[in-house]
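Me: Could you take a close look at one helix for me, and walk me through its surroundings? I would like the cut-offs along the way.

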Amino acid sequence: MNEKARTRVGGPEDPREGLEAVVALRRTLEALEAAQVENAFIAGWSYARIAEVLGVTKQAVHKKHAKRIRAKYPGRPPGRGGA
Amino acid sequence: MLGHDSLGDEDLLLGILSTDAGVGAEALRSLGVTLEGAREESEEMLSDALASIGVSLEGVRREAGDVFDMSIPSGRKIPYSPVAKNALVRARREMKMLGDDQFGTEHVLLGILANRDGTAVRMLVRLGVAPEALEDRLRELRGRAAG
């Protein structure tokens, strides 16, 4: 970690860094979700089961991830794994 | 970067660098800014922001495995951020003010540079490029093209 990382940020004295951390975390969260949905798909999980664990509808998962995953793994149907 | 709800002015900058042709990329390259370097700096800025709240990008990457990817997903429509939109509006104005009839990367770059508080300018500064120096270089290269 660099010098900046050890400084306490995000307090009222440094709103910019605090806000930028929110943006960075949001971007990381999106990438992490994409990765974990893909990991679950590779493990044979169905979109229904993935959606259940993510706490969203199956349609929502499908809309957000199915196209990307289908393009990356052509000819591989989503798994029937689990609920 | 990904996870993108919107494309920021730093993404416009990366876009300019990814087109080899154009006065914009030429000016940036002449000051030592490469696409590779800018991408790394962009990720470094994101990593620093995460580190400031105790999150390690490396840690996330390690745990999520090989499929974790922070790059902009292709094929997904992502809107421009208000800051990026402003830069583009400003770019068009620069084009008109300069009397050019072709919209080029130099205009976009001037539009980006108009916002000294933007992420793109802060990225350039971190890369050792003063906004004024880049502006001068752009006008220099334009002058050469015109003459």
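Reply: Happy to! Helices here are DSSP runs of H or I with at least four residues, numbered from the N terminus, and axes are lines fitted to C-alpha atoms, for helices over the stretch in contact, with angles running from 0 to 180 degrees between N-to-C directions. This is a predicted model, in which local features need pLDDT of at least 70 and side-chain atom pairs count only at pLDDT 80 or more, while totals for chains, interfaces and linings use all residues. Residues are numbered from 1 along each chain as its sequence is written, and chains are lettered from A and ligands numbered from 1 in the order in which they are written.

The helix is α2(A), residues 15-42. Just after α2(A), G44(A) has a positive phi of about 95°.

Among the buried residues of α2(A) are A24(A), T28(A), A35(A) and F41(A); buried means 20 or more other C-beta atoms within 10 Å of a residue's own, with C-beta atoms placed from the backbone. Their cover includes α3 and α4 of chain A, along with α3 and α4 of chain B.

As for α4(B), residues 57-64, its axis comes within 10 Å of that of α2(A), crossing at roughly 10°. The two are therefore roughly parallel (angles under 35 degrees). T28(A), L32(A), A35(A) and Q36(A) meet L57(B), V60(B) and A64(B), contact being C-beta atoms, placed from the backbone, within 7 Å.

How values were computed. Parallel < 35°, antiparallel > 145°, perpendicular 65-115°, else oblique. Contact = placed C-beta atoms within 7 Å. Buried ≥ 20, exposed ≤ 12 C-beta atoms within 10 Å, placed from the backbone.
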